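I opened this entry to keep a record of what I looked up, one topic after another.

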Amino acid sequence: MTRRETRTAGFARRSLAAVVVLLAAVLVAAPVTARAQVRIADGTTCSLTVERCPVEGQAFHLAQLASMDAAGRLTAVPALADAVAETGIDPATFDEGTTGETLSRAATSYAGYVASAAGSFVEKDAKAAAATAGSAAADGKAGLSASFAGLEPGMYLLTADPATANGTTYTMLPGLVIVPRVDGSTYATDCQVEAKFEEQPQERPHNRVIKLWQRDSASTRPDSVRVAIYDGDQPYREVTLDASNNWTYEWDGEGSWSVREKDVPAGYTCSVLMASASANAGQAGSGQATSGQATAAQAGTDFTLTNKAASETPNTPGGTRGTTKPGPKTGDATSTLLPEVLLCAGGALLIFGFAGRRKEKDRA
């Protein structure tokens, strides 16, 4: 190979190497360039939907903790300054590599500061409601969701009030949500998050309504009665009491409860006795109503509805729950007068007896 050919081959190799290096540099810079082109326009607003909510009407809350600039960088809002200083957790350090454990710790740490500085953060509220048709959860839960709109780009603390349904209380741990979210080469402004809840057995007051019958027989009383239950001035439930449920209905929950028998049977009067559920069975409560309605401000309440026949009939053996024997007649004056008369008459006879014996002794 001549010297000229050698120089030509070396130049070709150097040129090829330069092209390879340039191409590698372009490939490395490409993602950065693409990301640099993803910018958030001024005035952008976002929405957030919390999916798979367990209880209809459950309240959800958002509090803005950080703002987001056009490049997607987070900056803590002024109201979060104390939390950042005292916890050492700064939203500005969060990126795609931030672990779930760090985010969870940040959420639970921030929650106390938000609660103690109510009104200092930009906050929004929403309630769980039925989702649109066809969007029910695949696991069979009702398609309930809570929606927030008009959110400025940034990071938010998501919390929810505990809620109870079907004997289970659902509690959500605080969580952090960032909107908008990177979606390829663009930002998605309509965001969704799936609610995660801790489930615990229901721990609420236990209430009962019991039907009792007086001064009648099982053969003459109605087969069933209807009872309306109210929470304050709002109807709660209407139930049927009969022998199949032992003339008893039970439910859980706090409320300003009251009960009323619907359509009291002809020939009967209805009275309601209210007592704390923790009181011993058979002890009278703190209030009684003779109109068939009672109210209860305390939790855990027993209501005893007594239907008394206008005319007394003998009780039949083997009656249903609620059959009670007639009590003593406290309004019959002869029930106490007769013993007193007999007692006085007996005393008079004793006095006359002693007087007669004395006279006989004096004559002797």
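I began with strand pairing, where Cys46 stands opposite Leu151 in strand 6. Strand 1 (residues 46-51) and strand 6 (residues 144-151) pair in the antiparallel sense over four bridges, two strands being paired if DSSP finds at least two bridges between them. Helices (H or I, at least four residues) and strands (E, at least two) are taken as DSSP runs, numbered from the N terminus. I noted that the model is predicted, so that local features need pLDDT of at least 70 and side-chain atom pairs count only at pLDDT 80 or more, while totals for chains, interfaces and linings use all residues. Residues are numbered from 1 along each chain as its sequence is written, and side-chain values use heavy atoms, with hydrogens and water left out.

I then followed strand 1 to strand 13, with which it pairs in the parallel sense over five bridges; there Glu51 has Glu194 as its bridge partner. The open sheet has four strands in the order 5-6-1-13, with mixed pairing. Strand 5 (129-130) and strand 13 stand at its edges, each with a single partner strand, so one side of each has no neighbour in the sheet. In a regular strand the side chains alternate between the two faces of the sheet. In strand 13, I found Cys191 and Val193 on a covered face, and Asp190, Gln192 and Glu194 on an uncovered one.

Next I looked up the largest pocket. On a 1 Å grid over the protein atoms alone, a pocket is an open set of points where a 1.4 Å probe fits, with protein on both sides within 12 Å along at least five of seven lines, and lining residues have an atom within 4 Å of a point. The largest pocket holds about 890 Å³ of space, a volume being the space filled by probe spheres set on the points, which are joined across faces, edges and corners. Its lining has 32 residues, of which Leu103, Leu176, Val177, Ile178 and Arg181 lie nearest the centre. Helix 3 (100-116), strand 10, strand 11 and strand 13 (190-194) each supply at least two residues of this lining. I recorded its division into 20 nonpolar, five polar and seven charged residues, with Ala, Val, Leu, Ile, Met, Phe, Trp, Tyr, Cys and Pro counted as nonpolar, Asp, Glu, Lys and Arg as charged, and the others, Gly among them, as polar.

For the backbone, I checked Pro180, which is in the loop between strand 10 (175-179) and strand 11 (181-183); a cis peptide bond joins Val179 to Pro180, with omega about -5°. Asn246, in the loop between strand 17 (234-242) and strand 18 (248-252), has a positive phi near 60°. Trp247, in the loop between strand 17 and strand 18, has a positive phi of about 55° although it is not a glycine. Asn246 is partly exposed at 36% relative accessible area, whereas Trp247 is buried at 3% (buried is under 20%, exposed over 50%, partly exposed in between, with a 1.4 Å probe and protein chains only).

Finally, how many aromatic pairs does the structure hold? I noted seven, where rings of Phe, Tyr and Trp (its six-membered ring) pair if their centres lie within 6.5 Å, and planes under 30 degrees apart count as stacked, over 60 as edge-to-face and the rest as tilted. Tyr249 and Trp251 are stacked, at 5.9 Å centre to centre and 20° between the planes. Trp251 and Trp257 have ring centres 5.5 Å apart and planes at 85°, so this pair is edge-to-face.
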